[in-house]
Amino acid sequence: MKHRAGLLMMLLALGGCSWFGGSDVEPPAALIDFEPAAAIKEVWSVNIGTGPDRRFLRLRPAQHGDTIYTVDIKGRVRALAQEDGKERWRTDLDLDITGGVGFGDDIVLVASRKGQVVALDKSQGKELWRAQVASEVLAPPAADAGVVVVQSVDGRLTGLESATGKRLWVVDRSEPALSLRGSATPVVLSDIVLTGFASGKIVAVNIKNGRLLWETPVSQPQGRSEIERLIDVDVPVLVSGRILLAAAYQGKIVAVNLESGRLLWSRDISTYSALAADSNNVYVSDVRGHLYALDLRSGATVWKQEKLALRRLSAPAVTGNAVAVADFEGYVHWLAREDGRFLARERAARAAVLAAPIADGSMLYVSTQNGYLAALRLDARAP
């Protein structure tokens, strides 16, 4: 029941459809006209397999060095040259993949609907090992310091030995009866694992033994119904210096001290998308399709862009002098970091973008729900 209800809630949040099929749903904002202040060049675009389409999976690629690693829902893992998108190797795992690609300790990691975790050699794609965790995995595994960390939808966080896949430890957190279909992506920082849970809490655990270091709530349940009380932390935490940022659905954006978990500031903003930050601001796209820039140190609003309302925005990405988001029609929007004005727009594909784009300098890599990966470059001036 939890699984189905969680899926239904994500469909409602992302699909723009009425619970009862009515016609009174507010439509997404129309694209506005503006004078481009920058040019976008599509450097390359390639098919990366069978896309998630309407399964609402976020199969985000991973980048390491000059290689981008991708996976499709049938378990076909590819290594692509970042420069031109040419395939370097491909491995067919024949698995129902539900989590994006993870990378760490020089291995490529993917996970499946049945909780299978697979490690591949980064250079040739050779399978190194398979391991089993408790249940479905919807987030990319993370790895560092000889440990692979996997978060499954049942609220368990599992540590596996990077070299062999041997289970080292398990952290079991109680989950509410109803939650969004999703789970946070663990973030490894030195010897600490940081992640969030459907209970609305973020935790820090020791990567070697799974020992809890601290935990802090992002939000508290409110309302009478289980739907009103959803407060899932389903997006990866973001670390900027000694500040940890986290977000909850129907909850808050919070900044806490990384070492102690002490709350620094909070804002009442609901999101199911990952955050992005530069040295001054944190950027967030909320459930209404509004894009915010918040002051990193105080949480105060620097600017708010509402002209993309209800366009089901992806997570933002900081690229060049801009912050970029993609939407349900495959359009990518670049906005100025200092004031949120529109700089450029390009359509990556005729399909939605749910996975957070990957930014590398002025380059942006966008994975679409119909199975394409586009490399787009932001140039300083429009032609």
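Biologist: How many cavities of 30 Å³ or more does a search of the whole structure find?

Modeller: Keep in mind that this is a predicted model. Rolling a probe the size of a water molecule over the atoms shows where empty space is left. With the whole structure searched for cavities of 30 Å³ or more, the count is one.

Biologist: Thanks! Which residues are closest to the centre of the largest cavity?

Modeller: The largest cavity has a volume of about 80 Å³. Its lining is made of 15 residues, which divide into six nonpolar, seven polar and two charged. The closest to the centre are Gly51, Pro52, Leu59, Ser367 and Thr368.

Biologist: And the largest pocket: what is its volume?

Modeller: Its lining counts 48 residues, and Arg60, Pro140, Thr185, Pro236 and Ala274 lie nearest the centre. By type, the lining of the largest pocket holds 35 nonpolar, eight polar and five charged residues. The volume of the largest pocket is about 1,200 Å³.

Biologist: Which strand gives the largest share of the lining of that pocket?

Modeller: Several strands each supply at least two residues of the lining, among them β2, β6, β14 (187–189) and β30 (358–360). Also in that group are β22 (276–277), β26 (317–319) and β10 (142–144). The largest share is three residues, and the strand that gives it is β10.

Biologist: Let's turn to strand β3. Is it largely enclosed or open to the outside?

Modeller: Strand β3 covers residues 67–71. Thr67, Tyr69 and Val71 point one way from the strand, Ile68 and Thr70 point the other way, and all are buried. Because five of the five residues are buried, β3 is largely enclosed by the rest of the structure.

Biologist: Which residue of β4 is the bridge partner of Ile68?

Modeller: Ile68 has a residue opposite it in β2 too, namely Gln63, and β2 (residues 62–64) pairs with β3 in the antiparallel sense over three bridges. Strand β4 (residues 76–81) also runs antiparallel to β3, joined by five bridges. In β4, the partner of Ile68 is Leu80.

Biologist: Which residue has a positive phi in the hairpin of β3 and β4?

Modeller: The hairpin of β2 and β3 has two residues between the strands, and Gly65 in its turn has a positive phi of about 60 degrees. The hairpin of β3 and β4 has four residues between the strands. There, the residue with a positive phi, near 90 degrees, is Gly75.

Biologist: Which residue of β7 stands opposite Gly102?

Modeller: Strand β7 takes in residues 107–111 and runs antiparallel to β6. The two are joined by three bridges. Opposite Gly102 stands Leu109.

Biologist: Now for the rings. Is the pair of Trp44 and Tyr365 stacked or tilted?

Modeller: The structure holds five aromatic pairs. In this one the centres are 6.0 Å apart and the planes stand at 40 degrees, so the pair is tilted.

Biologist: How many residues apart are these two in the chain?

Modeller: Both Trp44 and Tyr365 are buried. Trp44 belongs to strand β1 (residues 39–47) and Tyr365 to strand β31 (residues 363–367). The pair links distant parts of the chain, and the separation is 321 residues.

Biologist: Which residues make up the cluster of rings around Tyr69?

Modeller: Tyr69 and Phe103 form a stacked pair, 5.6 Å centre to centre with 15 degrees between the planes. Tyr69 lies in β3 and Phe103 in β6, so the pair ties together parts that are 34 residues apart in sequence. Both residues are buried. Ring pairs complete the cluster of Tyr69, Trp89 and Phe103.

Biologist: Last one: what is the relative accessible area of Phe34?

Modeller: Phe34 sits in the loop between α1 (2–15) and β1. Its C-alpha is 8.2 Å from that of Leu343, although the two are 309 residues apart in sequence. Phe34 is partly exposed, and its relative accessible area is 23%.

Note on methods
Residues are numbered from 1 along each chain as its sequence is written. This is a predicted model: local features need pLDDT of at least 70, side-chain atom pairs count only at pLDDT 80 or more; totals for chains, interfaces and linings use all residues. Side-chain values use heavy atoms; hydrogens and water are left out. Two strands pair if DSSP finds at least two bridges between them. Buried means under 20% relative accessible area, exposed over 50%, partly exposed in between (1.4 Å probe, protein chains only). On a 1 Å grid over the protein atoms alone, a cavity is a set of points where a 1.4 Å probe fits but cannot get out, and a pocket is an open set with protein on both sides within 12 Å along at least five of seven lines; lining residues have an atom within 4 Å of a point. Grid points are joined across faces, edges and corners, and a volume is the space filled by probe spheres set on the points. Ala, Val, Leu, Ile, Met, Phe, Trp, Tyr, Cys and Pro count as nonpolar, Asp, Glu, Lys and Arg as charged, and the others, Gly among them, as polar. Rings of Phe, Tyr and Trp (its six-membered ring) pair if their centres lie within 6.5 Å; planes under 30 degrees apart count as stacked, over 60 as edge-to-face and the rest as tilted.
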